[in-house]
Amino acid sequence: MKILGILDMDVETLEINGIKRPIKIHYEKRNNCRVSIRKKAINIRIPYFLSEEERHRQLTDLKQWAINQLKDNPERFKPEAQKEYKDGDTIAVGDNEYILKIGFKDKLGSSARIEGSAIQLSISSNLSKETHNNHISTLLSRCIAKKRIPELKERIYELNKNHFNQPLNKIFFKHNKSNWGSCSSAGNINISTRLLFAPDDVLEYVCVHELAHLIELNHSKNFWRLVEKAIPDYKKKIKWLKENGDKCTGSERKNHASSVKALANIKTVLV
Ligand SMILES: [Zn+2]
């Protein structure tokens, strides 16, 4: 979800023991400072209204805390190696599973198509291992999007009709990595294509979340009441996203029960 209170974000890079990590600094409508270390990035959230001096002081303190954590626990925060796709891998897409069938051809481009419960990939044989994996990841997103987006748009209109009945302008699916979805005051809804790989109920929660913003363009109590009315166990979906969201890339996914708790360490400072 795009937090509507986010006013701005800076991205810096931190290098520790030869590993570069992005530090995302979110300036938000909030009263405390918070830093969390995730496998892909360090997120710092600070109030937007701090004076320059106070902001500098808080950032220095929070960054130092993160640096100490990373130095003291190198194994714990080791970034995950990029997923290597292999012929025969199983890929979770919504509530379905597909088998990857990877073939190589001596040609420039790569292509993919879905046939029943298999995704057939035809990959250029002249690629480095890394490019080869990137080709597969992009192709998977594209072919899943092509298959799922028309039915999902219908589903979003239906969810709106059933729960909110608000004017809904346009629905966009974008490969957005910074949020799961967003809603504009013009009545447009954006959903991240990363969610195409999430379980259907999680994807549906994000759609409902954004639709509820058509009524409440904030995260007030009334907003969460609207969400809860449509999805009583929405907190479970938020938990799933927090714990598994980084796996929504077309890589193999652990199921709900055996999901691995995301490695995160959080420091909160009240200001
Ligand atoms: Zn929201």
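Modeller: Helix H3 (residues 200-212) packs against helix H5 (residues 234-244) at about 105°, with the axes 9 Å apart. This is a predicted model, in which local features need pLDDT of at least 70, side-chain atom pairs count only at pLDDT 80 or more, and totals for chains, interfaces and linings use all residues. Residues are numbered from 1 along each chain as its sequence is written.

Colleague: Why are H3 and H5 called roughly perpendicular?

Modeller: Angles of 65 to 115 degrees count as roughly perpendicular, under 35 as roughly parallel, over 145 as roughly antiparallel and the rest as oblique. The angle here is about 105°, so H3 and H5 are roughly perpendicular to each other.

Colleague: What makes the contact between H3 and H5?

Modeller: Asp-201, Val-202 and Tyr-205 of H3 meet Tyr-234, Lys-237, Trp-240 and Leu-241 of H5. Residues are in contact if their C-beta atoms, placed from the backbone, lie within 7 Å. Five of the contact residues are nonpolar, none polar and two charged.

Colleague: How do you know that S9 and S11 pair?

Modeller: Pairing requires that DSSP finds at least two bridges between two strands. Four bridges join S9 to strand S11 (residues 189-192), and the two run parallel.

Colleague: Why do S9 and S10 count as edges?

Modeller: The open sheet has the order S9-S11-S10, with mixed pairing. Strand S9 (171-174) and strand S10 (181-183) each have a single partner strand, so one side of each is left without a neighbour in the sheet.

How values were computed: Axes fitted to C-alpha atoms, helices over the stretch in contact; angles between N-to-C directions. Contact = placed C-beta atoms within 7 Å. Nonpolar A, V, L, I, M, F, W, Y, C, P; charged D, E, K, R; others polar.
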